[in-house]
Structures are given as structure tokens and as C-alpha cells.
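Trainee: I have a new structure open and would like to learn how to read it. Could we go through it together, feature by feature?

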Amino acid sequence: MAAEPSRRVLLRAALLSPAALLATSGCSREPAVLVTGSAPVQQVTAYRDHAERAVGLVEDLWGEGTVARPVRLDLPGDTARWAAVTGHPAEETEIPASLVSRGGVTTVVVHPGAWERLTAQGRQAVVTHEVTHLAQPEAEVPWWLREGTAEFTAHRSGSADPSLVAGQAWRQLAADPPARWPQPGAAGGRWATYAAAWSVCLVVAAEHGDEAVPRWHRAVADSGSLDEGTRQALDRTDEDLLRAWSAWWADQAPA
Ligand SMILES: [Zn+2]
């Protein structure tokens, strides 16, 4: 008699070595996702699915083969382990996931509390955001461009209105339209700055098409200059884009 599914997966997870898990994850030649960590098996299964879907979502925008396989996903079972792996304080609850690079290997580490705090759609967005970072060029770009293009990719396939996804952060920005590029640590907290960064990409996509978003990111990375990259990819100055973005926010203000 077959064991019930969750029990069966649990047994399999307990019996297989990490190498065997690697071999069974994904169905192409290269395994897509490798999951480690001590989270409950239900979460391991769900996050693996999220990560496999994320690879497809990211490559749909950034191009085939831009995400190196396998995507490594670590699911610490508790906040002490999360803190040890990421270096974030154990009491930190605002960061749902973090990238950790050691010895040339980059791993997406998911906060153990994200399971309770987020919906399945929210967890998918978090994982897709982090997987986008794996596809982005390594060269430095302004932090808001890096985070904005990741947020844009994460929410691109979602049906929810951005103002609903970003909630209070969105209302704050609409009430006080930004006049300069997003600043880390600005008023409104982390989500307000991420929502601001995301919205820059919404404007770029609306005016130039979705594929302009990664093209713009790459041009800024390659040229080492926001202005030069913006000219190359979007045929406009960064100041012109800044004005368009500010005007877009002014239009979002509640009547
Ligand atoms: Zn990020």
C-alpha cells in the first residue's frame, strides 16, 4: 500500500543524499534546482516548484540560458540558522530571502518565516526576484536598478495590480511623488524603496516594452554609466526618464 504523498516525499528526502536530490530535481539534462536546509518537506517541495517556475519566468524576459543551473536554494529551518547563513540579525523579519555567495557558489536563502507571512503568490515573487539576480550582469549598476529590474521580473506574470502588491508603500509614493532616483534608507522603509525601484521599470516597460528592461540594465552595466546606458538602450537621457517617472507618480496620486 502506498504511503500518503507527503509521507512518501519525506521518506525520499530523508533517504536520498544531496547528490541524489540533485539528480532527481528537474527533468532536463541539467537539474534546474538543488534544495538544501532543514525546512519541513512540504516547504521543500513548494519552494523547489517556485524555483523551477522562477527559472522559466526569468529566462522568458532575460533570455534562454541566463540562469546558471542548478539554482541553489537553502531553506533554514529556524531563524538562528538563517542568521548564521546570511549574516542578517535573527530577529530580522523584513527580508524574505537573501543571496549568499561563498567560494564562487551563490545560494538563494529563504527566511523561515516567509512561509507563514506570504501567500503562495508572494513566495513565488520572492523566489523569482532572487533568481533574477542570478541572471543579471555582475557589473555594478545603481542598487535601485538592480532591485527594480528584479522586482519587475518577479511581478511581471502576476495579475495583481502593483498598487495592491506594494500596498502602503505605493500610497506613500503616490502621495509624495519622488523627484530623484530611489535612495536606500529613504522615508517609508525598505518596501517603499523597492516599490519605487520597481515603478521605474514599469515606466520603462510601458514606454519601451518589457524587453527594454533587461536591455537597459545590461547597457548601464556595460557602459558603467546610468546616463550612457539609458541613451544606448532607451534613446533618451536619464534625466528625461527621471522626469517621466516623476510625472507617472503624480498621475498615481489619489484624486
Ligand atoms: Zn534583490
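Trainee: Where is Pro 70 found?
Mentor: Pro 70 sits in the loop between helix 3 and strand 2. Helices (H or I, at least four residues) and strands (E, at least two) are DSSP runs, numbered from the N terminus. Before we go on, note that this is a predicted model: local features need pLDDT of at least 70, side-chain atom pairs count only at pLDDT 80 or more, and totals for chains, interfaces and linings use all residues. Residues are numbered from 1 along each chain as its sequence is written.

Trainee: What kind of peptide bond joins Arg 69 and Pro 70?
Mentor: Most residues other than glycine have a negative phi, and most peptide bonds are trans. Here, the bond between Arg 69 and Pro 70 is cis, with omega about -10 degrees. Asp 235 is worth a look too: its phi is near 60 degrees, a positive value in a residue other than glycine. You will find Asp 235 in the loop between helix 12 (226–234) and helix 13 (238–252).

Trainee: Is Asp 235 buried or exposed?
Mentor: A residue is buried if 20 or more other C-beta atoms lie within 10 Å of its own, exposed if 12 or fewer, and partly exposed in between, with C-beta atoms placed from the backbone. Asp 235 has 9 C-beta neighbours inside 10 Å, so it counts as exposed. For the chain, buried residues make up 33% of the 255 residues.

Trainee: How do I read the sheet, and what is the order of its strands?
Mentor: Strands of a sheet pair through backbone hydrogen bonds, either parallel or antiparallel. In this analysis, two strands pair if DSSP finds at least two bridges between them. The chain has 13 helices and four strands, and an open sheet of four strands has the order 1-2-4-3, with mixed pairing. Strand 1 and strand 3 stand at the edges with a single partner strand each, so one side of each has no neighbour in the sheet.

Trainee: Which residues stand opposite Leu 73?
Mentor: In strand 1 (residues 33–36), which runs parallel to strand 2 (residues 71–74) and is joined to it by four bridges, Val 35 stands opposite Leu 73. The path from strand 1 to strand 2 goes through helix 3 (residues 41–62), and this β-α-β crossover is left-handed. A crossover is right-handed if, with the strands pointing away from the viewer, the path from the first strand over the helix to the second runs clockwise. Strand 2 also pairs with strand 4 in the parallel sense, over three bridges, and there the bridge partner of Leu 73 is Val 108.

Trainee: And which residues have the most contacts inside the largest nonpolar core?
Mentor: In soluble globular proteins, nonpolar side chains tend to be buried together. A nonpolar core is a set of buried Ala, Val, Leu, Ile, Met, Phe, Trp, Tyr and Cys residues joined through C-beta atoms within 7 Å. The largest one here has 29 residues, and Ala 51, Leu 73 and Val 131 have the most contacts inside it. Helix 3 gives the largest share of this core, eight residues. Two residues are in contact if their C-beta atoms, placed from the backbone, lie within 7 Å. Not counting residues up to four places away in sequence, Ala 51 touches Val 33, Val 71, Leu 73, Val 127 and Val 131. Apart from this core lies another, of 25 residues, including Leu 145 and Phe 152.

Trainee: How many residues of helix 7 are buried?
Mentor: The count is 11 of 13, so helix 7 is largely enclosed by the rest of the structure. Among its buried residues are Trp 144, Leu 145 and Phe 152. Their cover includes helix 3, helix 6 (120–135) and helix 10 (189–208).

Trainee: Where is Trp 191 found, and what does it touch?
Mentor: Trp 191 is in helix 10, and it is partly exposed, with 17 other C-beta atoms within 10 Å. Not counting residues up to four places away in sequence, Trp 191 touches Ala 166 and Ala 169. Trp 191 and Ala 169 are 22 residues apart in sequence, and 6.1 Å apart in space, C-alpha to C-alpha.
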